[in-house]
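Q: I am new to this structure and would like to learn how to read it. Could you walk me through it, one feature at a time?

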Amino acid sequence: MKKLSKQLKLMSWFTLVLILAVTVLFSTAIVNHARMETNLDKYMPHNHPAFIYSDQAEEWFNIKDGILIAIENKESIFNPLTLSKIKEISLDLLSMDEFEEIDIQSLYTADNIIGTEDGLDVTSFYDEVPETAQELALLRKNVIENDMVYRRLISEDETVALIVAAMDDEYFTDEFYHRILNFAHSFESPAEAIYVAGRPIVEGTMGLLGPADMKRMVPIVLIVIALVLYVLLRRTSATVSIMITVFISTIWAFGLMAALKIPIYAVSTMIPVMLIAIGVAYGVYFYQYLQQYFHNNPESELIIALKSVIKRLSVPLFMAAFTTIIGFMSLLTSQVYPIKYFGIFTSFGIFTTFGLALWFLPAWVILFGYRAQNISSKTSKKTAWNIRLNAENITQILINKKRTVFIITAVVVALSIYGISKVWINSSFLANFEKESDIVLTDKFVNSKFGGTSTLNVILESEEYDAFKQPEALTLIDEMQYETMKLSRVGNSFSLADYLKRMNKVMNSNDDEFYTIPETSDMVAQYLLLYEMSGDPENLLKIINYDYNRTNITFQLKGDDSQTINEALTEIKKFEKPLSDMGISINYAGSGYKALVFTDLILDGQIKSILVSLILVLLLLTFMFKSIKAGLIGSTPIAITALISFGVMGVLNIPLSTTTALLSSIAIGIGIDYAIHFLQNYRMNLNTETNQLDAIKTTMLHTGKAITFNAVVVISGFLVLLFSVFPPNRTLGALVSMNMFTSFLGTLTLLMILVFGFRVFIKNNSTKAEIKE
Amino acid sequence: MKTFFLSLTAVGLISIFTLKPASAQLTGKEIMEKVYNMPSGDDMQGELVMTLENNRGEQRIRNLKQFSMDNGKVEKKIMFFLAPADVKNTSFMNWSYADGREDDQWIYLPALKRIKRISSDGKSDYFMGSDFTYDDLGDRLPDKDNHKLLKEEAVNGHICYVIESTPKTSGYMYSKTITWVMKENFLGIKREFYDPKRNLLKTLTIRKFDKISGIWTILETEMNNVQKKHKTLMKFTNVQYNQGLKDNWFTERTMTTGL
């Protein structure tokens, strides 16, 4: 016996060392190869037709997202100091390697084309900063009369000037993000406030803030879960070992990711949280089973107890892990690569945790011992007796009041379906921030003073050369702009029509009567030629191609959310018909539009993956328990959990976004574990207990306790995320907690009643349980 | 702006210079002054095909007819568009003064049937959407730059002086230019333009030159913007010198009557 024990200990040490070695290996991979990907553009599926087109159009017209630097002087920006700052900022930006001349737009860089009695004047607004009152008044007059600048670069109330710096996403790094913010804010003074907005800034902040917040929150989650585990299990060794399993599985998951040279995306930062939530459960089950075994067989030897526990636990644990993995693997149906990776590596982590629960934890117990005496004390026995009594009472009450349970369930389901009908998708990046955060306030401020911080590009194409020299086509474009700009969330628009109207006015002595589309295509051609000769032809390249049969119309929107973009699209699409009558096709481009398509893809992928995983789980349960009844009933709690999850989002007005969409996977992944354990144990108890009622009561007592433990631990851990500074992480915490709670409650009430009521595992009227194995 | 329109004889470095054999001690400044101070004929006319090509290989082709004269005090030019059809007969006139006054410029748009004066302060503006700025086309005074003779080097079999020119005052659109001037005739054959970040921006290459009526004339030249991957090709044909164009022919009336 002693020899065996020695051999066992040796094997256990070997197991521990092996696991440690692999962990060290993966840690080295992390240290050497882990790389954070903050560029949100990398999320986009670039082989999707909408993205291919948009990328192409961005290249055609040099469409880039702009960093907006706003300088506010509450008196008026028309003073030497503010004007010199505008000049200095423009020149400094120009000297940065990230920008080309064409990328910087400001009052300093803009051309002022003005019509005079006998001619045309092309000048800069100012070169040397105007000093005298007279010079300042002239500059002010020039600005107000030029609507290519007024309300675009200078606000209507003349207190804010905008400097737009367009840039390629590739150049956007953490370093640049901090550099540009510091640079802009270095121009602040008591008289002048500086605001920095624009999509690159929002993306940059989001790419940095989310993961940074996760990094801060995960340790706290771990500590809270460890504390709760300790309080519930009352065992230091068990708590430590369980925490080690989730810790190791996280390292392995990220280690594999690093070894495969796959960068860490923002969504990947949720992997530890997932692994903690799911992984802790496996450890809890292990110790629960062990404790229960010693409770029934107090004199048993440890090795026998372990063997029995492993034997009893491996099938349900394997099934639990397998079904959870299916839930995450269903994310492979997504077209979004970071989400696919999220599914793959979380699955790998779960598989690791499963393995660790059956190999590492027994080895740990062999090496560090297990005290079985806890529950044999008198008080514990009394408590245990109370728990048993309570469990039995609750079971009895639930079975008696099953009608009430069904009614409540029906009401909740109905409410959820109503809620789901109100779920909306949000592609907004800005919605990820606090309403009072700097970035949101800045965006709001810039939106209140200018056309909008978000852009939508509408690309028109025709087979005919010179199609957009035709006054009919230009008039239609002009009408489209006019109609769309009636929407309150559309602040401005810009097209070839604007250039031509301005040229027409300028060439007709600045007469407002002539702020119209020129009458003939020849006149259009000559104005364009004139503009090229006198203005900056590169500005034209941003809106029209060489053959004049492809043009770019830019709409400025006051929000980057789906509602705003869709509203504008609806209006614009009314022009599809008349345009196509002219042989002109319409397409869309730009980051805002891509984000919209992207969220649609996420939603589409999510619905697919939920359906796929629900069906697979149903099949698996049916196969595992060889009963379609068990399969259907076992799937009920997770189906309801998913319904409630989306329903609550609808009712509470939480939009579906990248983060929230992923939660359905965890809902299914975790929820199914509870059901599997319940069914498995119930089937076993049917074998040992004398009747169905006793079997269900015993299951409620033991498995119910394990499930409750698990739910309490994980929910308390995730509630910590409610204190996160990054709203999506808060939503994640709240929804994971809620999903866990729903699954827990659904399993111990509805599932139990259904299992009992529909006599699952029981053949006909016989009271004897039917065990097939 | 010194010149608004392309001048065949004074396309910056394209100037021709006939001199007695250069002494070995010529400085960079002296070489550039010789290039600049090229005498041209009394008047000139010719046809120009300007081809703009972007990075996708799309082209814009424009045909023009150009007339110019120089009486020592003022240089007058008129350009008529021949093609594309929708800008045919659009014309430009430019008077450039030797005393350094701003140029006078007019444009005639046939669709508008009106002549407009144009004034512009944009020296770095690009000429008709091409890769040439007005400064590239015009004759920037050698006095505005410091010139340094770097070395001598053969380009396409021509021994050239290689001269680096850096602006004396800051704020110019080029941080420097490097010019290859053929030793045999003081004709520039190549020039590189560097942006304010000191990166190569554009390369100008002379593809074809010939002596017409005793005057060295550039017949084909290409400007390649390597950063924007955009280029402009100019081809001159039917170049004629000293056809007796009178001062009083360069009028608004001539602009409107067309060719």
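Q: How many bridges join β4(B) to strand β5 of chain B, and in which sense do the two run?
A: Good place to begin, and please keep in mind that this is a predicted model. Strands of a sheet pair through backbone hydrogen bonds, in either a parallel or an antiparallel way. Here, β4(B) and strand β5 (residues 104-109) of chain B are joined by five bridges and run antiparallel. You can find one pair yourself: B:Ser91 has B:Tyr108 in β5(B) as its bridge partner.

Q: Which strand is joined to β4(B) by seven bridges?
A: That is strand β3 (residues 74-83) of chain B, and this pair runs antiparallel. Look for B:Lys76, which stands opposite B:Trp95 in β4(B).

Q: Why is strand β4 of chain B described as largely enclosed?
A: Burial is judged here by counting neighbours: a residue is buried if 20 or more other C-beta atoms lie within 10 Å of its own. Of the seven residues of β4 (residues 91-97) of chain B, five are buried, so the strand is largely enclosed by the rest of the structure.

Q: Now to chain A. What is the strand order in its open sheet of four strands?
A: The order is β10-β11-β9-β12 (chain A), and the pairing is antiparallel. At the edges are β10 (490-494) and β12 (584-589) of chain A, each of which pairs on one side only. On average, neighbouring strands of this sheet are turned by 25 degrees against each other, direction ignored.

Q: Which helix packs on that sheet?
A: Helix α20 (residues 591-625) of chain A does, touching β9, β11 (550-557) and β12 of chain A. The direction of α20 makes about 95 degrees with that of β9(A). As for β9 (residues 454-462) of chain A, this strand pairs with β12(A) in the antiparallel sense over six bridges. Within that pairing, A:Val458 stands opposite A:Tyr588 in β12(A).

Q: How do I read two helices packing, and at what angle do α6 and α7 of chain A pack?
A: Look at the angle, the distance between axes and the residues in contact. Helix α6 (residues 199-233) and helix α7 (residues 236-259) of chain A pack at about 145 degrees, with their axes 9 Å apart. The crossing of α6(A) past α7(A) is right-handed. Among the contact residues are A:Leu222 and A:Leu229 of α6(A), and A:Ile242 and A:Met243 of α7(A). By class, the contact has eight nonpolar residues, two polar and no charged.

Q: Is A:Thr352 buried or exposed?
A: A:Thr352 counts as buried, because there are 26 C-beta neighbours inside 10 Å. This residue lies in helix α10 (residues 337-368) of chain A. Not counting residues up to four places away in sequence, A:Thr352 touches A:Ser249, A:Trp252 and A:Ala253.

Q: Which residues touch the most other members of the largest nonpolar core?
A: They are A:Ala277, A:Val280 and A:Phe286, in a core of 221 residues. Helix α8 (residues 271-296) of chain A provides the largest share of this core, 17 residues. There is also a second, separate core of 48 residues, which includes A:Ile67 and A:Leu153.

Q: Finally, how many residues of chain A are in contact with chain B?
A: 27 residues of chain A are in contact with 24 residues of chain B. On the side of chain A that touches chain B, α16(A) gives the most, with 10 residues. By class, that side has 10 nonpolar, nine polar and eight charged residues.

How values were computed
Residues are numbered from 1 along each chain as its sequence is written. Chains are lettered from A and ligands numbered from 1 in the order in which they are written. This is a predicted model: local features need pLDDT of at least 70, side-chain atom pairs count only at pLDDT 80 or more; totals for chains, interfaces and linings use all residues. Two strands pair if DSSP finds at least two bridges between them. Axes are lines fitted to C-alpha atoms, for helices over the stretch in contact, and angles run from 0 to 180 degrees between N-to-C directions. Two residues are in contact if their C-beta atoms, placed from the backbone, lie within 7 Å. A crossing is left-handed if the near helix is turned anticlockwise from the far one by less than a right angle, and right-handed if clockwise. Ala, Val, Leu, Ile, Met, Phe, Trp, Tyr, Cys and Pro count as nonpolar, Asp, Glu, Lys and Arg as charged, and the others, Gly among them, as polar. A residue is buried if 20 or more other C-beta atoms lie within 10 Å of its own, exposed if 12 or fewer, and partly exposed in between; C-beta atoms are placed from the backbone. A nonpolar core is a set of buried Ala, Val, Leu, Ile, Met, Phe, Trp, Tyr and Cys residues joined through C-beta atoms within 7 Å.
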